[in-house]
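Q: Could you show me how to read a helix and a chain contact, step by step?

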Amino acid sequence: MKLIILENYSQASEWAAKYIRNRIVQFGPGPGRFFTLGLPTGLPRDHPESYHSFMWNNFFKHIDISPENVHILDGNAPDLQAECDAFEEKIKAAGGIELFVGGIGPDGHIDTNEPGSSLVSRTRVKTLAMDTILANARFFDGDLSKVPTMALTVGVGTVMDAREVMILITGAHKAFALYKAIEDGVNHMWTVSAFQQHPNTVFVCDEDATLELKVKTVKYFKGLMLVHNKLVEPLYSMKEMGAESNQSKKPYSD
Amino acid sequence: MPSNKSVSDAPIVQFTNCRILRDHQLQREDLWVREGKILNPEKLFFDEKGSADVQLDCKDSIIAPGFIDVQINGGFGVDFSLATDDFRSGIDLVSQKILSHGVTSFCPTLVTSPPSVYHQVLPQISVRNGGAHGAGVLGAHLEGPFISKEKKGAHPEHCLRTFEAGAFQDLLATYGSLNCVQIVTLAPEMRRSSEVIQELTKRGICVSLGHSVANLSQAEEAVQHGATFITHLFNAMLPFHHRDPGIVGLLTSDKIPAGRRVFYGMISDGIHTNPAALRIAHRAHPKGLVLVTDAIAGMGLAPGRHTLGQQVVEIDGLNTYIAGTKTLSGSVATMDTCVRHFQEAIGCSVETALEAASLHPAQLLGIEHKKGTLNYDSDADFLMLNDSLYVQATYIAGEEVWRQDVLGM
């Protein structure tokens, strides 16, 4: 894995944004060639306004994306399992997820794969852990009774199938989860640890999130920042390079 | 552009690179318009999977709801209180010209006139939507003749009337018809005014207090019977007195019925009201302030003599007096000048100044669900302004109806 340690939340966000931008440019998307970006559903779909508004206001309205290319799990579908299966099919049809970007819960979960989720699970209905319900309360005016207890989630296995995984971890309250994810063993109680077995993982975090890691680990990866920062240097834009796809070699591999 | 799978075939326009006035703040958001209404882009994206057909770069303009002028007596040589043969074309001319001032809806105002004038003129005023032909007509504002002799201002004394004999029937007989009447200004101290106010309010007509010597309790009683507006605050009423604030006291009265708000018109042309007085009123009751022009026929024309109903008016610069006197009669201010002057005099935010000319008049007339805001599903009547609040372009129902000529020709 690559562990990228930045000073604070905004720097971590900026590094991650630049990395994603570079990956898209390197991939060279075009008609019929989609860069498939995976994002966690996270928020339970029972309150449609919350999740769709969140995604619209924070992402879709700022980018040039065609609505047909947006696929969101529908928590109100009549047959939820069929909805989940169809979602897996859509991922296959799009050529698989190129890059999955996600966060981590304080209990070490990825999307809503709560502790105890199978590390080879697929997209399915999941009951939420108390930790997640508490975290989601902020989207329901702090009223716990309004927070849905079930959610549709992509599986750990589904994310493992992505060609690259990027996990964003910021804040001291996530420090223990980060420790469990990268310094301890692969364990279904800390589902993010599954990515130790993924060939291409990037963890982007801030100083506070490293509080539970060994000093040795932090020093090692900070020492690599010179090399890692090359990954976010500006590339020639697609327009400047013309219509041919730019399959430049990745400057650094795992 | 990607193929559009929206439910309607109507083109969708996305105004980008602008700051829009929404939720009382200037926000950096795009404005989406379809079929003459403001569109919700989120619904469009998720439910209809639609996208914009046309994207317009607004070059960092401010986009605000169109101005609504609820007191305008005429302009450009047209006098709404004169029963001429080509009255309708007069309304058309004014409604077209005020687009450049940012006004997208207005209430043609008639000053105190003999009944014959009302009977001839009112049937020729019809409520209609705005468009390329001009600003929308919301309905007439009848200022008088049921007003006080002592505070007649520029209104002709021989046309003043009372309704003590037949109350509402007298009023109806005087005006002839109330079909397209939106606002009536009267003096509440007149006998039987309460009945009249109630009857007018029942018919959805906004009752305004003005040209009156009412004390605060008389004014409060009028509000309790349904009055919701004050015509040009401070002018043509008793001055504020600390033991009897008069109509001005309504701004901070505790006898206003719950859930109701009293609005008050202010002519912020720099002449009718001293800036300090403007600030006092605004600080006392900021949410009720409605900017009006009270413009007369001479507005938009060179200085000289013009009419205002039965009176002759002399214009000298920004001052408009009854010929040979020092009695103010209307103004030659334009709405956008009023907004700019207001913002400067009060020192308030751009948002506050813009809302005083759009949101507040819409709330006064109870039409804020479709006018006066940029909320989703509202009528797409809006303006593009620069940072100094000069109107660059006017849009009605999503169509551009006026644009500032860059060459200034």
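Predicted model: local features only at pLDDT ≥ 70, side-chain atom pairs only at ≥ 80, totals over all residues.

Q: What length should helix α3 of chain A have?

A: At 1.5 Å a residue, the 14 residues of α3(A), residues 80-93, should span 20 Å, and this agrees with the model because the end C-alpha atoms are 20 Å apart.

Q: Which residues of α3(A) are buried, and where do they lie around the axis?

A: An α-helix has 3.6 residues a turn, so residues three or four places apart point the same way. In α3(A), the buried residues are E83(A), C84(A), F87(A), E88(A) and I91(A). They cover an arc of only 140° around the axis, which puts them on the same side of α3(A). On the other side of the helix, K92(A) and A93(A) are exposed.

Q: What do the buried residues of α3(A) pack against?

A: Their partners in chain A are β4 (124-127), β5 (150-153) and α5 (156-160).

Q: What is found at the start of α3(A), and what follows the helix?

A: At the start, a side-chain oxygen of D79(A) comes to within 3.2 Å of the backbone nitrogen of Q81(A), while the helix is followed by G95(A), whose phi is positive, near 95°.

Q: How many residues does each chain bring to the contact, and how much area is buried?

A: Chain B contributes 11 residues and chain A contributes 13 residues, and the two chains bury about 1,100 Å² between them, with 66% of it on carbon and sulfur atoms. Of the area that chain B buries against chain A, 55% is supplied by E42(B), F45(B) and F46(B), more than any other three residues.

Note on methods. Residues numbered from 1 in each chain as written. Chains lettered and ligands numbered in written order. Heavy atoms only, no water. Helix = DSSP H or I, 4+ residues; strand = E, 2+ residues; numbered from the N terminus. Expected span 1.5 Å × (residues − 1). Buried < 20%, exposed > 50% of the residue type's maximum accessible area, 1.4 Å probe, protein only. Arc of directions from axis to C-beta. Contact = heavy atoms within 4.5 Å. Polar contact = N/O pair within 3.5 Å; in protein donor to acceptor, adjacent residues only side chain to side chain. Buried area = accessible area lost by both parts, 1.4 Å probe.
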